[in-house]
Amino acid sequence: RNECMARKLESLVQFDRSILDVENEAGLTALEVAIPACRRALERGLRLFGRYEALEGDWEYKSSSSCIFKVSGYNHDGLVDSTLVLKCMSNMNEVQAELESRKGLPTFGHVTRVHEVFIDASQKKSHDELMLTCFNEGANAHQRHNVHLQTGLEQSIADIITRKATKYGRDQDSKCSY
């Protein structure tokens, strides 16, 4: 029963983060009063894809069409199990070009392997085209990428960009979308 409610809470937070700002009569937020299963679900709802949380600090890289930032990766138990770098790109042609440029490169040393590609669900046609690129054009098995459609991805990335820009005093007036 708690797990069922936890899944609903996670979805609710993904839809509207502002519900976590609401306080009860004692001034406590949902995160502060939630039972452990619901607290973990609320925290997952705040994370990108339920797994990644942007780390404090400045961008690794930022331009008008892409940004790179460090994240903590969380496992199913809600514990940090990795530190990764996420690259967000706004142009699907650039995503395809980047994946193409990595074909045949070794996946060790200074070459960073692409593990997964996430595309906003509104870009279904781009997703289908990218699936063909990743799986049907002769890529070696170890170079194939998991490609996922993600509802609300553009808004999630925009939220991260806004929080980082506001917190670190950069790009506060820029209109970025990734």
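Reader: Which residues form the negative surface patch?

Author: In this predicted model, the negative surface patch is made up of Asp16, Asp21, Glu23 and Glu32. One of these residues, Asp21, sits in the loop that runs between helix 1 (2-15) and helix 2 (30-33). Because exposed means over 50% relative accessible area, Asp21 is placed in that class with its value of 61%.

Reader: How many salt bridges does the count come to, and where do the partners Arg44 and Glu10 lie?

Author: A salt bridge is taken as a side-chain nitrogen of Lys or Arg within 4 Å of a carboxyl oxygen of Asp or Glu, and by this rule the count comes to 4 salt bridges. In one of them the side chains of Arg44 and Glu10 meet at 2.9 Å, N to O. Arg44 belongs to helix 3 (residues 36-46) and Glu10 to helix 1, so this pair ties together parts that are 34 residues apart in sequence. Arg44 is partly exposed, with a relative accessible area of 21%, whereas Glu10 counts as buried at 16%.

Reader: Which residues are linked in a network of salt bridges?

Author: The network links Glu43, Arg47 and Glu53. Within the pair formed by Glu43 and Arg47, the closest N and O atoms are 4.0 Å apart. Glu43 is partly exposed, its relative accessible area being 28%, while Arg47 is buried at 6%.

Reader: What parts does the salt bridge between Lys87 and Glu98 tie together?

Author: The side chains of Lys87 and Glu98 meet at 2.8 Å, N to O. Lys87 is in strand 4 (residues 80-89) and Glu98 in helix 4 (residues 92-102), so the pair ties together parts that are 11 residues apart in sequence. Lys87 is partly exposed, with a relative accessible area of 40%, and Glu98 is buried, with 18%.

Technical notes. Residues numbered from 1 in each chain as written. Predicted model: local features only at pLDDT ≥ 70, side-chain atom pairs only at ≥ 80, totals over all residues. Heavy atoms only, no water. Patch = residues over 30% accessible without salt bridge, like charges linked within 9 Å, V, L, I, M, F, W, Y side chains within 5 Å. Areas by Shrake-Rupley, 256 points an atom, 1.4 Å probe, with all protein chains shown as cover. Lys, Arg positive; Asp, Glu negative; His and termini not counted. Charge placed at Lys NZ, Arg CZ, Asp CG, Glu CD. Helix = DSSP H or I, 4+ residues; strand = E, 2+ residues; numbered from the N terminus. Buried < 20%, exposed > 50% of the residue type's maximum accessible area, 1.4 Å probe, protein only.
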